[in-house]
Amino acid sequence: MENIEQLVRGRRSVRTFDGRDLSAEDSAKLSSFMAGLKNPYGIPLEFKLLDARQQALKCPVVSGTDLYVGAKVKRVPHIEEAFGYSFEMLVLYAQSLGIGTVWVGGTMDRAAFERAMELEEGEIMPCMSPLGYPAGKMSIKESMMRKGIKADSRHPFESFVFDGDFGVPLTPEKAGSLAYPLEMVRWAPSAVNKQPWQVVIKENAVHFYLKHTKGFVSEAVGDMQKIDMGIALCHFALAAEESGLDIQFSLSDPGIVTEPNTEYIASYLLQ
């Protein structure tokens, strides 16, 4: 993939497409990429391209395409984080091909999509995305949705990155070589743009925490904000790799005293 910052900063959620089918070349590239996708949890996802016309799929917030991609995964610990990580890899790869995407977890005919994904007992399909070439202009509905969640704004760096402990903000200048990967975390997409991640830098390790907001957990999707955390972990790892940082994934809780409604998720250890 090209420069991670260009992909992250250049991408937006696309709900209005220009009606063209994907080229055979782009479709083949996507299918090949999906087949090789992995995540640091070692949890496999099964991706599938779906045709809305053939499979009677409906998504009222999307227009101009009949192509969708879904992914299903078995219900095991950390499925949301693994799903978010792998699906975001696909989203960013699609962006590199000029293909638009948008994370959809609720505004769809879920029963129809789950049938099309051939969901079995013990499996879950948290989200899906339309695929297509973005239209030259957003629809009024799409523009209003983006305005409603302030989609183009992000919390300040110092509001979610901390030095050694919660309550001690860390500036980009003091973050040094970690500033770029953490800035890519800052620009990660999240459900209704809540940006629920909190990061503590301590003793050559980057610890990720989730600051929970009520209303983001359901039987069909799981914990949507843990999916957001998987996206954040993906952004950090890709940018760290691009920067030449040697990092190791870890699930060892460092025992830092957390703020209320905050849960440890994972760490990257600097080698």
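How much space lies in the second largest pocket? About 150 Å³ lies there, a volume being the space filled by probe spheres set on grid points that are joined across faces, edges and corners.

## Before you start

This is a predicted model, in which local features need pLDDT of at least 70 and side-chain atom pairs count only at pLDDT 80 or more, while totals for chains, interfaces and linings use all residues. Residues are numbered from 1 along each chain as its sequence is written, and side-chain values use heavy atoms, with hydrogens and water left out.

## The second largest pocket

On a 1 Å grid over the protein atoms alone, a pocket is an open set of points with protein on both sides within 12 Å along at least five of seven lines, and lining residues have an atom within 4 Å of a point; the probe used is 1.4 Å.

By type, the lining holds five charged, three polar and three nonpolar residues. Here Ala, Val, Leu, Ile, Met, Phe, Trp, Tyr, Cys and Pro count as nonpolar, Asp, Glu, Lys and Arg as charged, and the others, Gly among them, as polar.

## The whole chain

Nine helices and eleven strands make up the secondary structure count of the protein chain; these are DSSP runs numbered from the N terminus, helices being H or I with at least four residues and strands E with at least two. The chain is as compact as a globular protein of its length, because its radius of gyration of 18 Å is close to the 18 Å that the globule rule gives for 271 residues. That radius is taken over C-alpha atoms, and the rule is 2.2 Å times the number of residues to the power 0.38. The C-alpha trace spans about 55 × 40 × 35 Å along its principal axes.

Of the 271 residues, 53% are buried, where buried means under 20% relative accessible area, exposed over 50%, and partly exposed in between (1.4 Å probe, protein chains only). The chain exposes about 12,400 Å², with 50% supplied by carbon and sulfur atoms; these areas come from the Shrake-Rupley method with a 1.4 Å probe. Among contacts (heavy atoms within 4.5 Å) between residues at least 6 apart in sequence, 74% join residues at least 24 apart.

Lys226 sits in helix α9 (residues 224-242) and counts as buried, at 18% relative accessibility. Leaving aside neighbours within four places in sequence, Lys226 is in contact with Glu80, Glu81, Leu210, Glu263 and Ile265.

Val102 belongs to the loop between α4 (79-96) and α5 (110-116), and is buried with a relative accessible area of 2%. Not counting residues up to four places away in sequence, Val102 touches Arg11, Ser13, Val14, Arg15, Met128, Ser129 and Pro130.

## Loop residues to look at

Most residues other than glycine have a negative phi. Val192, in the loop between α8 (179-186) and β6 (197-201), has a positive phi of about 40° and is partly exposed at 48%. Asn204, in the loop between β6 and β7 (205-211), has a positive phi near 60° and is exposed, at 58% relative accessibility.

Gly244 lies between α9 and β10 (247-250) in a loop and is exposed, with a relative accessible area of 65%. Gly244 and Ser177 are 67 residues apart in sequence, and their C-alpha atoms are 9.6 Å apart in space. Val102 and Pro169 are also 67 residues apart in sequence, but 32 Å apart C-alpha to C-alpha.
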